[in-house]
Amino acid sequence: MPIADVYRQINKKISARPDVDASDRTRTNIVHEVLGWIGQPDRRLKIVHIVGTNGKGSMGIMLSDIIKHTRYKVGHFTSPVINDDREMISIDGKEINETEFIASYQNILGEIHRHGGDATVLTKFEWWVLIALEYFGRQQVDYVVLEAGQHGLCDPTNAVENPLVVAFSKIAPDYFEQQETNLVKITETKLGAIKHGSTVVSYPGQDATVNQYLKETTAKVGATWYDHKPKITLLKSAPDGLLLNVNDLKGLKLSLTGSYQIQNLSTVLQIVDVLKQNGADIKDVDLVEALSRVKIEGRMEYDADQNILYDGAHNASGVASLVDSLKAWHLQAKPLMVLGFLKDNNWHEMLDELLPFTDSVITVTPDAPTAMSADELAAKIVMMSNVNVDVADDPAAALSLAGQARESTQAMILVTGSFYTLKAIHEGA
């Protein structure tokens with residue numbers, strides 16, 4: 001059987017188990033036990049664990065690219081992804097291939113059977129975290145950038161024992177189905193990442209109460225709080241990126257767009273300082289080069305040739321940051337929006353943010369089991385506003401419809417609402 005088919009069969013098999021209750025703390029213990037069976041690779045790796053609600057992906061790719069440019073070998077685990085699940089795991093920017101995925105899976109499965117365990121209890125995300133750590137350990141990477149998922153107290157990334165750095169991105173309300181808007185309670189679900197001996201870094205725009213809670217937990221578990229933020233001045237914001245002064249570095253180009261990336265960058269630079277204090281040889285020239293070239297698929301991703309912006313913003317906070325960028329750019333025409341939401345996202349708040357900044361929307365159905373249909377979303381928009389709404393019968397038609405609708409204008413096309421929306425459009429294209 002071809003390797004690609006074997007990979008697909010395995011991924012289908014491990015995807016069959018439904019996800020678990022995010023408040024079930026015992027899930028982390030299960031992953032920790034399996035890590036012990038496979039030789040505890042996390043103990044041998046220098047791990048930067050990135051936790052939070054918004055910005056993990058941006059921080060993860062910036063940090064990975066900086067480390068890669070210093071010629072260290074860096075493993076990166078990220079989610080969600082757009083095209084193939086293998087995008088979750090990469091070394092030096094190259095995603096894991098089918099052969100290595102199968103090798104890691106078989107190594108883990110063999111140890112589970114040898115210790116009398118039950119492989120069927122593991123969820124898909126737990127499997128992917130285990131495969132990532134086994135693969136990074138086997139490939140002897142110098143650093144690991146490990147992004148937490150959206151599983152709260154039971155997030156399998158919390159099973160790592162001794163992260164070098166624990167970095168908190170912006171903590172904010174996320175999924176509407178959780179009915180939780182209290183930031184302290186949301187923060188409680190992230191605290192399992194803080195471990196004795198680690199250094200804790202926090203997003204500079206973090207809510208003050210959240211930061212205080214993080215500081216208290218840091219002290220309680222015997223970790224170190226790092227609070228030396230760089231001085232960053234924004235010189236220019238445009239769809240193709242930001243021009244900045246950073247400490248003594250003048251005119252630094254960050255090829256990621258959106259003014260909110262300044263605070264993500266600040267967090268990343270704090271992490272870099274911690275790594276340097278722990279022996280990493282990271283030079284300014286490599287940092288500048290990495291930031292000038294960094295790109296993130298689906299996160300404020302701008303196609304200048306087509307004048308299309310793709311952004312996987314999936315909650316009110318993420319959409320608010322997107323809207324702030326639209327305001328800063330002073331566009332000549334309101335963007336035409338291609339929108340697709342999940343039923344369990346706070347769609348009402350997201351539409352409240354987006355609809356005042358467009359006159360025309362095309363709705364699509366995201367590629368996800370919990371997708372809100374394009375028809376249902378269109379009906380909600382009609383009830384809330386007077387913007388023109390069209391329904392794309394299939395995602396492949398959305399960009400074509402959008403292109404036809406803006407023929408007589410220079411309007412930007414904005415595709416947003418969920419990474420699953422982007423995935424549906426990418427697959428249909």
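This is a short chat about one predicted model and some of its local features.

Biologist: What kind of model is this, and what pLDDT do local features need?
Modeller: The model is predicted; local features need pLDDT of at least 70, side-chain atom pairs count only at pLDDT 80 or more, and totals for chains, interfaces and linings use all residues. Residues are numbered from 1 along each chain as its sequence is written, and side-chain values use heavy atoms, with hydrogens and water left out.

Biologist: Where does asparagine 54 lie?
Modeller: Asparagine 54 is in the loop between strand E1 (47-51) and helix H4 (56-69). Helices (H or I, at least four residues) and strands (E, at least two) are DSSP runs, numbered from the N terminus.

Biologist: Is asparagine 54 buried or exposed?
Modeller: Asparagine 54 has a relative accessible area of 13%, so it is buried. Buried means under 20% relative accessible area, with a 1.4 Å probe and protein chains only.

Biologist: Which side chains make polar contacts with the side chain of asparagine 54?
Modeller: One is the side chain of asparagine 315, at 3.1 Å, and another is that of serine 317, at 3.0 Å. A polar contact is a pair of N or O atoms within 3.5 Å; within protein, one must be able to donate a hydrogen and the other to accept it, and residues adjacent in sequence count only if both atoms are side-chain atoms.

Biologist: Changing topic, what about helix H9: how many residues does it have?
Modeller: Helix H9 (residues 261-277) has 17 residues. From first C-alpha to last it reaches 24 Å, close to the 24 Å expected at 1.5 Å a residue. The expected span is 1.5 Å times one less than the number of residues.

Biologist: How many residues of H9 are buried?
Modeller: H9 is mostly covered, with 13 of its 17 residues buried.

Biologist: And what comes just after H9?
Modeller: Glycine 279, which takes a positive phi of about 105 degrees.

Terms used: Buried means under 20% relative accessible area, exposed over 50%, partly exposed in between (1.4 Å probe, protein chains only).
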